[in-house]
Amino acid sequence: MKTQVAIIGAGPAGLMLAHLLHLAGIESVIIEARSRGYVEGRIRAGVLEQGTVDLLSATGVGERMRREGLLHQGIEIGFAGKRHRIDMQQLTGQAVMVYGQHEVVKDLIEARLHEGGEIVFEAGSVSIVGFDGASPLVRYEADGMKREIHCDYIAGCDGFHGVCRPSVPANALTIYERDYPFGWLGVLADAAPSQDELVYMNHTNGFALFSMRSPTVTRLYLQCDPSEDIAHWSDDRIWGELLCRFKCSDGWQPNVGRITQKSITPMRSFVTEPMQFGRLFLAGDAAHIVPPTGAKGMNLAIADVRVLARALVDFYIGGSTARLEHYSQICLRRIWKAQRFSWWMTSMLHQFPDANPFDRRRQIADLDYVTSSLIAARSLAENYVGLPMDEPDQWNG
Ligand code: FAD
Ligand code: DHB
């Protein structure tokens, strides 16, 4: 088989890239290791930045999101038993949309298949070769047969544990990373959200986050040990800890309901530089990871492929490789700001096991400042709704 762009991975990055390329008349094939049911059911992120919302809408895949998504104009930051509202709409003129990542994935898969696009699900033994030269090749197995796709470019959208990044010679990439001494235990509960906005809570037992997925489903997270066995967290223990961490002087608390899903995610910050090697371009989690406290992971994945699609359009339609050559540079400038924001939100809201009394007082000062200074709150809000996706002028065609 032959195509113009072979895309590895049917997460938000790979699916959005295929969709954007299709709109520009560029052919692609997506090769995904998992089944359609698995990727459509994988519960992950939930907050879409304004730029992500606008892109989904402008490219014709935002109809269900606009109908079912929940528009949030503010968030709450809680500490010392009190919640403080950050009015993002007033501070920035922008808002975010709460709409599950797996719903975005479902909408993009449906659009892709409706457009007649090809997604190979359950591809086995995926490998990529030849991307250091002019003839990249993707090999995989399907229905017990070995298959090959010849292409002009490979987009590595296969997440943090994929095959694309490790296929680049190690000495060609520089990795910047930081691990955190905690993870998030996330649950979905059949319980009506007890208020309309998210609550990011700093508590002496550890961070907790109140979010939602629909008028009948609450999404909650708890800071926990990253090596913790989920089997040690009974539903009663989870609710006990959540209610304790969210306890506020005004009596507010989340509604309790049946827990339908629970999992533990470790937290790390990770950046690969550059995000390109020859004719291989890495996008999304394949190139970088943020701790989820800033709700940036999926949004960064979408922002990368927006740049990549534009660069490929410049090449195929405009005959210019300038933007492809500067892909990493264009993406990394914004990625590092999202890294900084995600690290800062994480540092401000979590309990660090090695924190001394000075660190704890400084953390409270950070929280007090950001919830009492309009200027500090505006900076948080500007980052939370998403920094502009504008590219430097010299690459605007
Ligand atoms: P992915 O969504 O990871 O997609 C990569 C795709 O590639 C997957 O479908 C995978 O099956 C496929 N793949 C992998 N290896 C291969 C291979 N060898 N061959 C073919 N296909 C392959 N972000 C937040 O903002 N908030 C959250 O609460 C949050 N929770 C998360 C929880 C978990 C468990 C994880 C892992 C991530 C979470 N994130 C969260 C981050 C966010 O979900 C990611 O940033 C986002 O999924 C990135 O999209 P992507 O398309 O780059 O990668
Ligand atoms: C959700 C996840 C996040 O990482 C976050 O910062 C806010 C909300 C969510 O899954 O709803």
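## Contacts of two ligands

Reader: What makes the pair formed by Pro-292 and ligand 2 a polar contact?

Author: In this predicted model, a polar backbone atom of Pro-292 lies 2.7 Å from an oxygen atom of ligand 2. A polar contact requires N or O atoms within 3.5 Å, so this pair qualifies.

Reader: How much of the accessible area of ligand 2 does the protein cover?

Author: On its own, ligand 2 has 290 Å² of accessible area, and the protein covers 98% of this. Strand 15 (208–214) and strand 16 (217–224) are the elements that give two or more residues to the shell. Strand 15 gives the most, with three residues.

Reader: How do you know that Tyr-200 is near ligand 2?

Author: An N or O atom in the side chain of Tyr-200 is 2.7 Å from an oxygen atom of ligand 2.

Reader: Why is the pair of Arg-44 and ligand 1 called a polar contact?

Author: A polar side-chain atom of Arg-44 lies 2.9 Å from an oxygen atom of ligand 1. The limit is 3.5 Å, so the pair is a polar contact. The side chain of Asp-285 also places an N or O atom 2.7 Å from an oxygen atom of ligand 1. The protein covers 85% of the 990 Å² of accessible area that ligand 1 has on its own.

Reader: Which helix gives the most to the shell around ligand 1?

Author: Helix 9 does, with three residues. By class, the shell around ligand 1 comprises 16 nonpolar, eight polar and seven charged residues.

Note on methods
Residues numbered from 1 in each chain as written. Chains lettered and ligands numbered in written order. Predicted model: local features only at pLDDT ≥ 70, side-chain atom pairs only at ≥ 80, totals over all residues. Heavy atoms only, no water. Polar contact = N/O pair within 3.5 Å; in protein donor to acceptor, adjacent residues only side chain to side chain. Areas by Shrake-Rupley, 256 points an atom, 1.4 Å probe, with all protein chains shown as cover. Helix = DSSP H or I, 4+ residues; strand = E, 2+ residues; numbered from the N terminus. Nonpolar A, V, L, I, M, F, W, Y, C, P; charged D, E, K, R; others polar.
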